[in-house]
Amino acid sequence: AAEMPADYHLEALKAQGTAALTYALHQAAAQRALPEELRDPALKGADFSADPGNRKGYMTEATARDFYGDRFDHSWNKITQAARTASRCVILWEGEPIAAAYHAISAGDTTERAENIWNGPLPYLVEADSSWDILAPGYKSTLSVSDGELKELLTSLGATLLPDAATWLEIEDRSPAGYVTAIRAGDLTLHGNQLRNLLGLRSAAFELERTHTGYTFYVRGYGHGAGLSQTGADYLARQGKTFDEILRHYYTGVTLAEIETESSPD
């Protein structure tokens with residue numbers, strides 16, 4: 001409920017739920033494997049944090065009643081139906097839960113490889129066709145930033161800028177999936193996601209245009225681009241794909257397993 005609209009196809013909701021649960025199990029295992037001195041003290045011994053009151057991580061029924069309003073009964077029943085399936089499934093690579101990353105909309109060709117976003121490769125987070133994402137509402141977005149705003153933000157990172165604002169930004173490299181992996185900002189080289197976070201862009205798949213007073217960013221997609229595309233999952237579900245087929249499409253070479261539950265005591 002906190003991650004995907006309830007009007008998405010039921011099979012897409014099942015896929016999202018399975019991915020979210022798998023990611024939580026992966027994060028929990030990673031947290032527990034850390035030495036005590038390396039664990040985040042803000043977690044106070046927990047595996048990860050959530051803020052259900054603000055619909056971050058999950059949604060309580062009370063929050064959902066406010067969020068869905070008149071559509072609560074239909075939406076909650078559909079999400080609960082999906083969750084019953086998702087709560088029994090886990091996505092595995094070599095027997096362990098994967099880092100089941102997901103995002104809203106891909107850049108419109110393929111999804112992104114893990115090593116183009118994070119510290120290294122993951123065998124199941126590689127390119128997967130998601131060309132149908134170009135049909136998604138909100139696939140394209142535009143943001144204009146004035147020279148004054150940009151100067152303040154870039155200098156806060158420690159960038160040295162020449163007087164001519166037209167020299168401040170230059171895309172140096174992008175991945176095959178279309179995401180900017182290196183952009184020169186003054187005398188600094190940033191990853192596209194660093195600039196994305198700095199400016200509030202919807203993704204790092206963008207083109208630049210110099211204007212008289214600043215820069216305009218033409219952005220494709222929404223999110224980091226790796227793993228499951230949520231709008232892509234909805235599209236595949238509406239083409240007749242089941243949730244497990246969707247998951248195997250976006251996470252290469254994985255297996256799905258049923259979660260074993262302890263039997264009730266006599």
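Student: What is the order of the strands in the open sheet that contains β4, β8 and β9?

Tutor: The three strands stand in the order β4-β9-β8, and their pairing is antiparallel. β4 and β8 are at the edges with a single partner strand each, so one side of each has no neighbour in the sheet. On average, neighbouring strands here are turned by 20° against each other, direction ignored. One thing to keep in mind: this is a predicted model, in which local features need pLDDT of at least 70, side-chain atom pairs count only at pLDDT 80 or more, and totals for chains, interfaces and linings use all residues. Residues are numbered from 1 along each chain as its sequence is written, and side-chain values use heavy atoms, with hydrogens and water left out.

Student: Why are β5 and β7 called edge strands?

Tutor: They belong to another open sheet of three strands, ordered β5-β6-β7 with antiparallel pairing. β5 (169-174) and β7 (188-190) are its edges, each pairing on one side only. From one strand to the next, the twist averages 25°. Three bridges connect β6 (residues 180-185) to β7, and R184 is opposite T189 in β7. Helix α5 (residues 192-199) packs on this sheet and touches β6 and β7, at about 70° to the direction of β6.

Student: Why are α1 and α7 called oblique to each other?

Tutor: Helices are DSSP runs of H or I, at least four residues. Axes are lines fitted to C-alpha atoms over the stretch in contact, with angles from 0 to 180 degrees between N-to-C directions. Under 35 degrees counts as roughly parallel, over 145 as roughly antiparallel, 65 to 115 as roughly perpendicular and the rest as oblique. The axes of α1 (residues 10-33) and α7 (residues 243-250) come within 8 Å and cross at roughly 55°, and the two helices are therefore oblique.

Student: Which residues of α1 and α7 meet?

Tutor: E11, A12, K14, A15 and T18 of α1 meet F243, I246 and L247 of α7, where contact means heavy atoms within 4.5 Å.

Student: What makes α1 oblique to α6?

Tutor: Their axes come within 7 Å and cross at roughly 140°. That angle makes α1 oblique to α6. The residues in contact are E11, A12 and Q16 of α1 with Q230, A233, D234 and A237 of α6.

Student: What makes W132 and Y235 a stacked pair?

Tutor: The whole structure holds five aromatic pairs. For W132 and Y235, the distance is 5.5 Å centre to centre, with 10° between the planes. The pair links distant parts of the chain, 103 residues apart: W132 is in the loop between β3 (102-103) and β4 (140-146), Y235 in helix α6 (residues 230-238). Rings of Phe, Tyr and Trp (its six-membered ring) pair if their centres lie within 6.5 Å, and planes under 30 degrees apart count as stacked, over 60 as edge-to-face and the rest as tilted. At 5.5 Å and 10°, W132 and Y235 are therefore a stacked pair.

Technical notes:
Two strands pair if DSSP finds at least two bridges between them.
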